[in-house]
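Here is a short tour of a protein model, written for anyone who would like to find their way around it with the viewer open. Please keep the sequence at hand as you read.

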Amino acid sequence: MSISESTARRYELQDPDVRLMLLVRDDDAAAFEELMLRYQRRVVTVLEHLVGKRDLAEDLAQDVFMRVYRSRKSYVPGSRFSTWLFTIVNNVASNARRSLARRKEVQVTNAAEQSGSQPADPMERIATAASGMMPTRQLDKSEMGSIVRQAVESLNERQRMAVLLSKFEEMSYADIAETMGMSVQAIKSLLSRARANLKEALQPYLQEGTVP
């Protein structure tokens, strides 16, 4: 799809990360390093929740940034940089899952609880938001984080990706739609089903303190 000059200019003016990527296009190594610093942890975190393995997520993140670097010469801003980047993340994660499925190595496991988890962890943030749903019981933070993590990981791949982009990256419906190659209406429906599934999964815990 061709991107008009006015669209490219608009995103260049609005998004500082687009301006960095344009410097990368001109072979500015420092700009590439800056983009990696800004996004590496976020990319690894999203990938970890998509593929379920930290070490694999770190390998895939390297693949993501190699793709960014290799495609720099053809880069034309047609969206926010984060939308463009997470489109690549989504594609890399999908390819990895297909590869794992072919080798019958897919596992549904709880992501290991990392000691000293970082505040930017999306599950932590979702857990914090979800804690407001539970007025009668004082939550143990790590326990709630683990329960929410399990609930999110029980979603199907598309629902999980949409939730992560919505809650972690705070993307708009339009940006999530572009990232995942779906219509805005389809994304709204997807997120609605995901929220319903999360509510159903968390209901026993929220009402009775029963661990799923």
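Predicted model: local features only at pLDDT ≥ 70, side-chain atom pairs only at ≥ 80, totals over all residues.

Leaving out residues up to four places away in sequence, Met180 touches Asn90, Arg158, Met161, Ala162, Leu165, Ile187 and Leu190. Met180 is also one of the buried residues of helix H9, together with Asp175, Ile176, Ala177 and Thr179. Just after H9 comes Gly181, which takes a positive phi of about 65°.

## The overall fold

Let's step back to the whole chain. The protein has 10 helices and zero strands. Of its 212 residues, 43% are buried. If you look at contacts between residues at least 6 apart in sequence, 66% of them join residues at least 24 apart.

In soluble globular proteins, nonpolar side chains tend to be buried together. Here the largest nonpolar core has 57 residues, and the members that touch the most others are Val43, Leu47 and Met180. Two or more residues come from each of helices H2 (16-25), H3 (29-51), H4 (54-70), H5 (81-102), H7 (141-153), H8 (157-167), H9 (173-180) and H10 (184-208). Helix H3 gives the largest share, with 10 residues.

## Helix H3 and its partners

Two packed helices are described by the angle between their axes and the distance between the axes. How are H3 and H8 arranged relative to each other? They pack at an angle of about 160°, with 10 Å between their axes, and are therefore roughly antiparallel, since angles over 145 degrees count as such. Their crossing is right-handed. On the H3 side, the meeting residues are Val46, His49 and Leu50, and on the H8 side they are Glu157, Arg160, Met161 and Leu164. Sorted by class, this contact has four nonpolar, one polar and two charged residues.

H2 is another partner of H3: the axes of H2 and H3 cross at roughly 140° and come within 8 Å. These two helices are therefore oblique to each other, and their crossing is left-handed. H2 brings Asp17, Leu20, Met21, Leu23 and Val24 to the contact, while H3 brings Ala31, Phe32, Glu34, Leu35, Arg38 and Tyr39. By class, the residues where H2 meets H3 are eight nonpolar, no polar and three charged.

## Two buried residues to look up

Val51 lies in helix H3. Is Val51 buried or exposed? Its relative accessibility is 9%, and the cut-off for buried is under 20%, so Val51 counts as buried. Apart from neighbours within four places in sequence, Val51 is in contact with Leu56, Ala57, Leu60 and Ala96. The C-alpha atoms of Val51 and Glu153 are separated by 9.7 Å, although these residues are 102 residues apart along the chain.

Ser82 is the other one to find, and its place is in helix H5. With a relative accessible area of 3%, Ser82 is buried as well. Which residues does Ser82 contact, leaving aside neighbours within four places in sequence? They are Tyr39 and Met171.

Terms used. Residues numbered from 1 in each chain as written. Heavy atoms only, no water. Core = buried A, V, L, I, M, F, W, Y, C linked by side-chain atoms within 4.5 Å. Buried < 20%, exposed > 50% of the residue type's maximum accessible area, 1.4 Å probe, protein only. Helix = DSSP H or I, 4+ residues; strand = E, 2+ residues; numbered from the N terminus. Contact = heavy atoms within 4.5 Å. Axes fitted to C-alpha atoms, helices over the stretch in contact; angles between N-to-C directions. Parallel < 35°, antiparallel > 145°, perpendicular 65-115°, else oblique. Left-handed = near helix turned anticlockwise from the far one by under 90°. Nonpolar A, V, L, I, M, F, W, Y, C, P; charged D, E, K, R; others polar.
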